[in-house]
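Here is a friendly walk through one protein model, from its overall fold down to a helix and a few loop residues. Please have your viewer ready.

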Amino acid sequence: MKLSMRLVVGFLSSIVISSASYSKTCDVAVDATDAMSFNTKVMATAGCTEIKLTLKHVGKLPKAAMGHNLVISAESDMKNIVTAATKAGFAKDYSPGTEHVIAATKLLGGGETETITFPTSKFKKGTKYKFFCTFPGHSAIMVGDVTL
Ligand SMILES: [Cu+2]
């Protein structure tokens, strides 16, 4: 009897612990520069249920010359998304659209900042994810891994 009570208590406390960790918003800050770079190559999301991502363009160049956004997708969708964004053109801020896009900021010029929030439930275990900029030519260098 005592043993089963201990099991029940143990079970209940594990529910409390898992539900407590179930809603964790993680702040992630990424800087983009006039040198066509992000200041990080890795975005860690383990243990987070939600990511509050702030992209800051710390440079001075205007959006038309050195605009940056931050888009997240499966690695296998990245190429198609970059192609679609390039086709969308500057008039549409090289928008990556919504298909296969996990999250995306607006295109920012120097001095601009945007914060977006998205749930990590959009990530599937076993899939590789990337974050990148869809301004034409930038994703060759402005790219990093999203780790789950
Ligand atoms: Cu860029």
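## Fold and contacts

Of the contacts in the protein with a separation of 6 or more, 72% are between residues 24 or more positions apart; two residues are in contact if their C-beta atoms, placed from the backbone, lie within 7 Å. Please keep in mind that this is a predicted model, where local features need pLDDT of at least 70, side-chain atom pairs count only at pLDDT 80 or more, and totals for chains, interfaces and linings use all residues. Residues are numbered from 1 along each chain as its sequence is written.

The protein has 3 helices and 8 strands, arranged along the sequence as α-β-β-β-α-β-α-β-β-β-β. Helices (H or I, at least four residues) and strands (E, at least two) are DSSP runs, numbered from the N terminus. Of the 148 residues, 25% are buried. Buried here requires 20 or more other C-beta atoms within 10 Å of a residue's own, exposed is 12 or fewer, and partly exposed is in between, with C-beta atoms placed from the backbone.

## Helix α3

How far apart are the end C-alpha atoms of α3? They are 20 Å apart, which agrees with the 20 Å that its 14 residues should span at 1.5 Å a residue; the expected span is 1.5 Å times one less than the number of residues.

The buried residues of α3 are M78, I81, V82 and A85. An α-helix has 3.6 residues a turn, so residues three or four places apart point the same way. Cover for the buried residues of α3 comes from elements including β4 (71-74), β5 and β7 (129-132). After α3 comes G89, with a positive phi near 85°.

## Loop residues

The loop between α3 (75-88) and β5 (101-104) holds D93, and H100 lies in the loop between α3 and β5 as well. Each is a residue other than glycine with a positive phi.

| Residue | Phi | C-beta atoms within 10 Å |
|---|---|---|
| D93 | near 55° | 17 |
| H100 | near 65° | 14 |

With 17 other C-beta atoms within 10 Å, D93 is partly exposed; H100 counts as partly exposed with its 14 neighbours.

Further along, G110 sits in the loop between β5 and β6 (113-119). G110 is partly exposed because 18 other C-beta atoms lie within 10 Å. Leaving out residues up to four places away in sequence, G110 touches D34, H57, G59, K60, L61, P62 and M66. G110 and M66 are 44 residues apart in sequence, yet their C-alpha atoms are 7.8 Å apart in space.
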